[in-house]
Amino acid sequence: MCGIAGLLDPGRRSTGDVLDVCARDMVQALHHRGPDAHGVWTEPESGIALGHARLSIIDLSAAGSQPMASASGRYVLSYNGEVYNAAELRVELEHEGHRFRSHSDTEVIVEGFDAWGVPETIERLIGMFAFAVFDMKEKVLMLVRDRLGIKPLYWGRLDGRVAFASELKAFAGLPGFPPEIDRDALAAYLCTGYVPAPASIYRGISKLEPGTMLEVRADGVVRTHTYWSALDVAVRGQSLPMKADEAEAVVQLETLLTDAVTRRMVADVPLGVFLSGGIDSSTVAGLMQANAQAPIRSFSIGFHEQAYNEADAAKAVAHHLGTNHTELYVSAEEAQSVVPKLPQIYDEPFADVSQIPTFLVSEMTRKHVTVALSGDGGDELFAGYNRYTQGLSVAKALRRLPGPLPDAVSQMISLASPSSWDSLFAILPAGMRPRQAGDKLHKLAAVLAADAGDYYRVLISPWAEAWGLVNGTARPEFAPFAEAVRGRFKTELAWMQYADMVTYLPDDVLTKVDRASMAVSLEARVPLLDHRVVEFAWRLPEEFKIRDGQGKSLLRQLLCKYVPKKLVERPKMGFGVPIDAWLRGPLKDWASDLLDPNAMGQAGFLDPAPIHAKWAEHLSGRRDWQHFLWNVLMFEAWRRSAR
């Protein structure tokens with residue numbers, strides 16, 4: 001994997017030296033993404049500079065270095081990603097008379113631009129990518145991001161120039177970069193734990209959205225074009241559902257996933273797989289091992305706290321498959337030592353607590369391999385999240401309750417504190433006692449009090465009204481939640497999956513994996529998010545996804561061909577750490593400092609009073625506010641580090 005950066009000065013005010021220095025500074029800030037080589041290309045007459053930090057994966061020679069020009073000289077490319085059908089495209093291009101100097105997929109892409117043009121070439125690519133290409137003939141800079149948003153790309157106008165980069169830290173030294181916090185983005189972040197695209201935490205800097213191409217012309221005019229729409233794919237899949245029976249669908253899925261996985265096993269460097277022992281990663285590992293000539297490398301981390309430990313399950317799956325398995329048990333102290341690094345790794349506020357184990361497993365894996373496949377995306381595509389079954393139950397219940405009854409039930413639940421509900425449930429035998437029953441009931445009360453069209457937003461947010469803590473902002477509006485979008489879906493489940501696929505997946509899950517892996521120069525590949533698999537999944541009948549209240553039905557059936565059911569059938573655990581207890585214990589002093597009301601009030605971004613009240617409730621044990629508090633803590637930690 002790599003890092004890309006650069007700038008276009010339409011006014012031609014920047015000399016070649018200025019362009020070169022700016023681009024080199026940007027690339028240096030991305031060294032962790034590409035420690036093997038740095039390259040810069042400038043063309044002062046056009047006011048353009050492209051930079052590249054290389055992590056060598058395919059064709060390790062200098063022939064694969066970037067930025068790379070096409071043989072004709074028309075196109076110059078700086079590219080972050082991997083294209084997995086490069087071999088087939090290369091054959092097509094050779095038949096058309098193109099000759100290649102390297103074995104890199106970069107050269108295939110840039111020669112494709114010459115042969116077919118940029119838009120058609122993008123349509124042909126199977127892979128993950130974010131790239132900048134400059135057309136010397138038309139004097140146009142094009143920025144492109146892959147269909148699902150696996151690879152990041154930021155851009156913005158700074159002092160008349162258009163700048164772009166893989167990460168926000170590359171903008172820091174540019175002239176005209178004002179690090180002004182976008183309060184609307186902050187408000188949305190507090191509700192979700194991530195900054196939703198197209199915003200970034202900085203005013204004036206945007207995320208290029210997945211499936212989008214942006215053009216900057218010589219006169220500075222910017223145009224965007226959506227070349228692949230998740231909404232169109234989802235709506236089309238519903239209108240053209242699969243006609244095959246379930247057994248046939250399993251065969252089709254196996255064929256498609258086998259192709260997706262084996263394509264991602266091609267590398268000129270050591271390769272392995274993240275293995276948690278869950279459905280998604282076990283499926284990827286099973287298909288990898290079935291198509292490998294020798295034991296594959298698999299990696300997992302474990303925690304001594306059994307409620308958060310997946311290492312035993314991963315080890316059992318690895319043993320059955322016969323992988324060369326490496327596991328690392330991490331102490332609480334080792335996990336907590338990651339916390340101070342998080343603002344630098346993520347560059348903007350990011351508060352998914354699984355960011356900690358994701359970094360740790362990436363760090364451990366990088367000691368052995370340079371590429372790792374992961375199982376990310378399975379929950380969104382095959383309906384694996386518990387909230388799909390729970391959310392659907394809530395939606396149906398809301399529709400059945402007459403008039404004011406939902407509000408009445410909500411008020412009744414809220415009369416007793418969460419700790420009182422926990423005391424009531426304590427009379428049940430331990431095996432029947434739900435975890436955090438009081439907090440879950442209060443979440444249900446909030447959902448019941450929400451409008452029928454707003455319950456999912458409340459369900460997935462640690463505190464849906466947290467936006468009100470930011471001075472001078474209005475309630476965030478998220479595009480997938482608009483009635484015009486919801487109305488295009490035939491079922492509640494389909495809409496939930498779509499909403500997650502275009503928000504939570506790229507802005508949380510994939511951001512987490514990209515930054516954690518790239519912080520240690522590890523390339524992470526996600527075969528379940530091959531766009532062909534995504535399009536297949538949207539054609540599946542819902543009974544192929546959820547059966548008997550359990551998600552991923554079709555994926556489970558496929559996995560059982562490789563791994564015994566008893567090894568993977570267990571309650572969904574997630575990939576987390578006991579932040580709730582850490583905040584009351586070893587992280588208490590750190591958190592207290594960041595949540596200091598006086599310092600927060602002086603900064604002027606957040607209203608400290610409600611936050612302090614929730615901090616006190618959490619410390620007392622009356623409520624578990626870990627997720628909301630982590631959102632605030634990650635913002636405050638980032639804000640202080642960015643000063």
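Start by selecting Trp630. Leaving out residues up to four places away in sequence, Trp630 touches Tyr189, Val339, Leu342, Ala351, Asp352, Val353, Gln355, Ile356, Ile579 and Trp590. Keep in mind as you click around that this is a predicted model.

Is Trp630 buried or exposed? Trp630 is buried, because its relative accessible area is 0%, and the cut-off for buried is under 20%.

Trp630 is among the residues with the most contacts inside the largest nonpolar core, along with Phe131, Phe171, Ile356 and Leu606. That core has 194 residues. Its largest share, nine residues, comes from helix 29 (residues 626-642). Apart from this core there is another one, of 17 residues, including Ile48, Val76, Leu143 and Leu208.

Next stop: the rings. The model has 22 aromatic pairs.

For a group of rings, select Phe171, Phe177, Tyr202, Phe605, Phe635 and Trp638, which form one aromatic cluster.

Pick Trp495 and you'll find Arg486 over its face, at 4.2 Å from the ring centre. Then try Trp463, where Lys614 lies over the face at 3.9 Å from the ring centre.

Time for some strands. Select strand 2 (residues 37-43) and strand 3 (residues 48-54): they pair in the antiparallel sense over seven bridges. Which residue of strand 3 is the bridge partner of His38? It's Ala53. The hairpin has four residues between the strands, and there Gly47 takes a positive phi near 70°.

Last stop: Phe274, in strand 13 (residues 271-274). Phe274 is buried, with a relative accessible area of 12%. Setting aside neighbours within four places in sequence, show its contacts: Ser281, Phe299, Val361, Ser362, Thr365, Ala372, Leu373, Ser374 and Leu522. To finish, draw a line between the C-alpha atoms of Phe274 and Val284: these residues are 10 apart along the chain, and the atoms are separated by 9.1 Å.

Definitions and conventions: Residues numbered from 1 in each chain as written. Predicted model: local features only at pLDDT ≥ 70, side-chain atom pairs only at ≥ 80, totals over all residues. Heavy atoms only, no water. Helix = DSSP H or I, 4+ residues; strand = E, 2+ residues; numbered from the N terminus. Buried < 20%, exposed > 50% of the residue type's maximum accessible area, 1.4 Å probe, protein only. Contact = heavy atoms within 4.5 Å. Core = buried A, V, L, I, M, F, W, Y, C linked by side-chain atoms within 4.5 Å. Pairing = 2+ DSSP bridges. Phe/Tyr/Trp six-rings, centres within 6.5 Å; stacked < 30°, edge-to-face > 60°. Lys NZ or Arg CZ within 6 Å of the ring centre and 35° of its normal.
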